Amino acid sequence: MEKTHWKKIVSDPNFIGEGDFQEGEEKVLTIDRVVAAETVVTAEGKSQKAVVHWREPGNKPMILNVARSKNIEKVAGSGYFEDWPGVQVQLYIEHGIKAFGEVVSAVRVRPFKPRVKAAATVPTCTDCGGEIAPAMGKTAAWLAAYTTKHYRVPLCAACAKKRKETAQNVKSEAPAEDPTPAAAKEEREALPWETNPDPEDHKTGTWAPGGSDDPEEVVL
Ligand SMILES: [Zn+2]
């Protein structure tokens, strides 16, 4: 859910600040232009500041300070404002900066070219054609990867459960003496994600020997 930080409302509404970021958010923005001497009105009054404006609409401009400028220079490979338009930078909030006897948070520029995670595309469910939604504490991507590994096709949680139940019914209809011990054991098993801790927890948990949360490496 999109949340509204009080600082977004109460602090300077004209320039980008902590309140413009969701918790942990990193923004990748493209410099449109730098105004070397823009009149900025702060609590201390009017002053002239260098201000970065962005190409992406809806993002407040950013006042340049030494730290931000140094890191933009690293990303741009140039310290000249004229070379900055078109350069993409990655912004984040640094907490716990000590300044003038106070601990504050500030918008910082990452000193490297943006590293944006490619958005993981989650396939639709093979059985019902519907969206694979997060379920039982698992992300959609996790469920898609898990079901693809175990059922050969991506499935939503509901369809995975149906397949599991169907497989169990087939087994229980078989002659009593027929099931192997392994199959009998499988009948008693719940869906793996109902009984196993989240892959994120396995570093301190006991179930995942692989040391990775890659579903491909999780043997259940
Ligand atoms: Zn489905």
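The following conversation concerns a predicted model of one protein chain.

Biologist: What should I know before reading the residue numbers and the model?
Modeller: Residues are numbered from 1 along each chain as its sequence is written. The model is predicted: local features need pLDDT of at least 70 and side-chain atom pairs count only at pLDDT 80 or more, while totals for chains, interfaces and linings use all residues.

Biologist: How many helices and strands does the protein chain have?
Modeller: The protein chain has 6 helices and 5 strands. Helices (H or I, at least four residues) and strands (E, at least two) are DSSP runs, numbered from the N terminus. Along the sequence the pattern reads α-β-β-β-α-β-β-α-α-α-α.

Biologist: What share of the residues is buried?
Modeller: Of the 220 residues in the protein chain, 16% are buried. A residue is buried if 20 or more other C-beta atoms lie within 10 Å of its own, exposed if 12 or fewer, and partly exposed in between, with C-beta atoms placed from the backbone.

Biologist: Which residues have the most contacts inside the largest nonpolar core?
Modeller: They are Ile31, Val51, Val52, Met62, Val89 and Leu91, in a core of 16 residues. A nonpolar core is a set of buried Ala, Val, Leu, Ile, Met, Phe, Trp, Tyr and Cys residues joined through C-beta atoms within 7 Å.

Biologist: And which elements give two or more residues to this core?
Modeller: Those elements are the strands E1 (27-42), E2 (45-54), E3 (62-63), E4 (88-99) and E5 (102-109). Apart from this core lies another, of 12 residues, including Cys156, Ala157, Cys159 and Ala160.

Biologist: What is valine 89 in contact with?
Modeller: Leaving aside neighbours within four places in sequence, valine 89 is in contact with Leu29, Ile31, Ile72, Val75, Val109, Arg110 and Pro114. Two residues are in contact if their C-beta atoms, placed from the backbone, lie within 7 Å.

Biologist: How many bridges join E4 to E5?
Modeller: The two strands run antiparallel and are joined by 7 bridges; strands pair if DSSP finds at least two bridges between them. Isoleucine 97 has valine 104, in E5, as its bridge partner. E4 and E5 form a hairpin with 2 residues between them, and phenylalanine 100 in the turn has a positive phi of about 50 degrees.

Biologist: Turning to cysteine 156, is it buried or exposed?
Modeller: Cysteine 156 counts as buried because it has 23 C-beta neighbours inside 10 Å. Cysteine 156 is found in the loop between H3 and H4. Not counting residues up to four places away in sequence, cysteine 156 touches Cys125, Cys128, Gly130, Ile132 and Ala133. Threonine 126 is 30 residues apart from cysteine 156 in sequence and 8.2 Å apart in space, C-alpha to C-alpha.

Biologist: What about arginine 152, where is it?
Modeller: Arginine 152 is in the loop between H3 and helix H4 (157-173). Arginine 152 counts as exposed because it has 9 C-beta neighbours inside 10 Å. Its phi is near 70 degrees, a positive value in a residue other than glycine.

Biologist: Which residues in H3 are buried?
Modeller: Trp142, Leu143, Ala144, Ala145, Tyr146 and Thr147 are buried in H3. Helix H3 (residues 140-151) has 12 residues and should span 16 Å at 1.5 Å a residue, which agrees with its end C-alpha atoms being 16 Å apart. The expected span of a helix is 1.5 Å times one less than its number of residues.

Biologist: Lastly, where is methionine 136?
Modeller: Methionine 136 is in the loop between E5 and H3. Methionine 136 is exposed, with 12 other C-beta atoms within 10 Å.
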